[in-house]
Amino acid sequence: MDYPGNLFVVAAPSGAGKSSLVKALLELDSHVQPSVSHTTRPPRGQEKHGREYFFVSEPEFDQMVLADAFVEWAHVHGRRYGTSKKAIEDRIAHGADVILEIDWQGALQIKRIFTNAVMIFILPPSWDELRSRLERRGEDAPEVIETRLRNAAAEMSQCKEFDFVIINELFERALFDLKAIVHSQRLKYVSQKRLRADTFKALGI
Ligand SMILES: Nc1ncnc2c1ncn2[C@@H]1O[C@H](COP(=O)(O)OP(=O)(O)OP(=O)(O)O)[C@@H](O)[C@H]1O
Ligand SMILES: Nc1nc2c(ncn2[C@@H]2O[C@H](COP(=O)(O)O)[C@@H](O)[C@H]2O)c(=O)[nH]1
């Protein structure tokens with residue numbers, strides 16, 4: 001059986017560090033491919049259209065919804081965000097490991113469609129640290145930070161729906177945990193379906 005590829009879904013409250021962790025994972029592991037979402041929020045800092053997001057207008061997003069172009073989409077912090085079918089379906093069909101960095105509402109939509117998706121939730125170590133990460137990042141206006149912190153409690157309560165919860169206190173430790181989850185899912189297929197079968201054959205058992 002060909003390696004079918006895994007779909008990893010990473011969710012977290014804003015500022016918990018999911019983009020930093022996923023970025024670091026992608027730098028270390030070329031077999032994992034990111035999905036680039038569409039959003040109606042404006043770009044911040046150095047963000048580029050087509051790299052962090054496809055930045056689209058509200059009417060453009062509406063059109064994509066009407067055209068059934070999204071696998072999932074949701075209202076998050078007063079904006080809309082969605083994963084297009086185009087962003088993931090080809091890659092999954094070709095057996096790539098794909099990682100989605102999306103909110104919990106989108107994550108649960110994905111789980112209903114892709115029942116084998118591996119669901120990972122990132123938590124910050126404390127409220128104080130969450131606030132100070134958002135402030136230190138320095139890319140959101142104070143009122144945006146307050147909205148994100150207000151929404152964080154409801155978001156974090158969803159972590160029980162996920163397969164894995166990583167506490168991002170020490171970055172390297174959290175990255176180690178994320179890598180371990182990705183590798184363990186890959187090994188399930190590689191060892192059970194192919195290498196193990198080859199070894200059994202060679203051993204005549
Ligand atoms: N373990 C950590 N210790 C200290 N700072 C961290 C840690 N992880 C991430 N950060 C910092 O916290 C800030 C928020 O991280 P990041 O942008 O990755 O969060 P996020 O969960 O992706 O947020 P959003 O959903 O708003 O995009 C960044 O400035 C990042 O460098
Ligand atoms: N349901 C979806 N949520 C998404 C998607 N892409 C990003 N997100 C989530 O939105 C918030 C805010 O992101 P930010 O870049 O504005 O800080 C965060 O929780 C993201 O994970 C998506 O395609 N679908």
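Begin by selecting Ala-16, which lies in the loop between β1 (7–11) and α1, where helices (H or I, at least four residues) and strands (E, at least two) are DSSP runs numbered from the N terminus. The model is predicted, so that local features need pLDDT of at least 70 and side-chain atom pairs count only at pLDDT 80 or more, while totals for chains, interfaces and linings use all residues. Residues are numbered from 1 along each chain as its sequence is written, chains are lettered from A and ligands numbered from 1 in the order in which they are written, and side-chain values use heavy atoms, with hydrogens and water left out.

Stay with Ala-16, which counts as buried at 0% relative accessibility; buried means under 20% relative accessible area, exposed over 50%, and partly exposed in between (1.4 Å probe, protein chains only). Leaving aside residues up to four places away in sequence, Ala-16 touches Ile-122, Leu-123, Pro-124, Leu-130, Arg-133 and Asn-168, a contact being heavy atoms within 4.5 Å.

Next, select Ser-19, which is found in helix α1 and is partly exposed at 39% relative accessibility.

For another pair, select Lys-85 and Asp-68, whose side chains form a salt bridge at 3.1 Å, N to O. This pair links distant parts of the chain, 17 residues apart, with Lys-85 in helix α3 (residues 85–93) and Asp-68 in the loop between α2 (58–66) and β5 (70–76). Lys-85 is partly exposed, with a relative accessible area of 28%, and Asp-68 is likewise partly exposed, at 47% relative accessibility.

Finish at Arg-137 and Asp-140, whose side chains meet in a salt bridge of 2.8 Å, N to O. Here Arg-137 counts as partly exposed at 32% relative accessibility, whereas Asp-140 is buried, with a relative accessible area of 14%.

Conventions:
A salt bridge is a side-chain nitrogen of Lys or Arg within 4 Å of a carboxyl oxygen of Asp or Glu.
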